[in-house]
Amino acid sequence: LSAALYPAIVGQWRPGEASALANQFANVRDAIGNYRTNVQRYPRTLAQLTTTLAATATDACATLVPAANRNLWRGPYLAQSVVDSLRVGDAIVLDTLIRNPATQALGVVADLQVRAIGVEQSTALQVEQQFDAVSDLNAGTIRWSGGTLTFLIAIRNC
């Protein structure tokens with residue numbers, strides 16, 4: 001009986017995980033936007049969205065955030081505290097945000113990448129349906145490769 005029910009139970013659970021992961025990505029995107037509005041920089045980590053900025057805080061370009069900008073922090077921008085990662089079902093959303101390209105060029109559009117590991121392809125496809133019009137895990141704002149799901153947020157500067 002359990003062998004017959006297991007696929008049905010997992011099939012019901014996975015859409016919930018995909019929805020939760022998509023919601024977490026949307027929350028992070030919105031939090032980054034609010035942080036950028038206040039601090040006038042993009043964060044380098046998710047933890048910067050939940051706790052006041054230390055004197056050693058750096059932005060998405062690995063540049064020290066000036067004290068004047070650190071004092072503009074009005075968070076927390078995310079409801080939950082982030083230490084090293086956020087767990088969403090089996091997926092782990094990593095704390096470090098990656099700017100691509102890594103170097104800053106004025107006016108050049110870059111991506112700030114939010115990565116989740118431990119994501120099955122079927123879950124990635126369901127997350128992608130909530131963000132992209134085309135089902136292609138190699139294009140758009142959602143990318144998946146070997147269990148890592150990457151959410152791309154377009155940014156300018158740092």
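## Burial and overall make-up

A residue counts as buried when its relative accessible area is under 20%, as computed with a 1.4 Å probe. By that cut-off, buried residues account for 40% of the 158 residues in the protein. The model is predicted. The exposed surface comes to about 8,100 Å², and carbon and sulfur atoms supply 53% of that area.

The protein contains three helices and six strands. Read from the N terminus, the order of elements is α-α-β-β-β-β-α-β-β. Taking contacts between residues at least 6 apart in sequence, 58% join residues at least 24 apart.

## Strand pairing around β6

Strand β6 pairs with β4 and also with β5. With β4 (residues 109–117), the pairing is antiparallel and runs over nine bridges. With β5 (residues 142–145), the pairing is again in the antiparallel sense, over four bridges.

In soluble globular proteins, nonpolar side chains tend to be buried together. Here the largest nonpolar core has 38 residues, and L21, F25 and L149 have the most contacts inside it. Two or more residues of this core come from each of α1, β1 (85–88), β2 (91–94), β4, α3 (121–131), β5 and β6. Helix α1 gives the most, with nine residues.

Which residues does L149 contact, leaving aside its neighbours within four places in sequence? The set is L21, F25, V114, R115, A116, V119, A124, V127, I142, R143 and W144.

## Q24 in helix α1

Q24 lies in helix α1. Is Q24 buried or exposed? Its relative accessible area is 7%, so Q24 is buried, given that the cut-off for burial is under 20%.

Not counting residues up to four places away in sequence, Q24 touches L78, Q80, L86, V88 and V93. For one of these, V88, the separation from Q24 is 64 residues in sequence and 8.0 Å in space, C-alpha to C-alpha.

## The disulfide

A disulfide is a covalent bond between the sulfur atoms of two cysteines. The structure holds one disulfide. The link joins C61 to C158, with an S to S distance of 1.7 Å; the cut-off for calling a disulfide is 2.5 Å. The angle about the S-S bond is -85°, and the link of C61 and C158 is left-handed.

What does the pair tie together? C61 lies in the loop between α1 (2–39) and α2 (67–70), while C158 lies in the segment after β6 (148–156), so the pair ties together parts that are 97 residues apart in sequence. C61 counts as buried because its relative accessibility is 14%, and C158 counts as buried at 6%.

Methods: Residues numbered from 1 in each chain as written. Predicted model: local features only at pLDDT ≥ 70, side-chain atom pairs only at ≥ 80, totals over all residues. Heavy atoms only, no water. Buried < 20%, exposed > 50% of the residue type's maximum accessible area, 1.4 Å probe, protein only. Contact = heavy atoms within 4.5 Å. Areas by Shrake-Rupley, 256 points an atom, 1.4 Å probe, with all protein chains shown as cover. Pairing = 2+ DSSP bridges. Core = buried A, V, L, I, M, F, W, Y, C linked by side-chain atoms within 4.5 Å.
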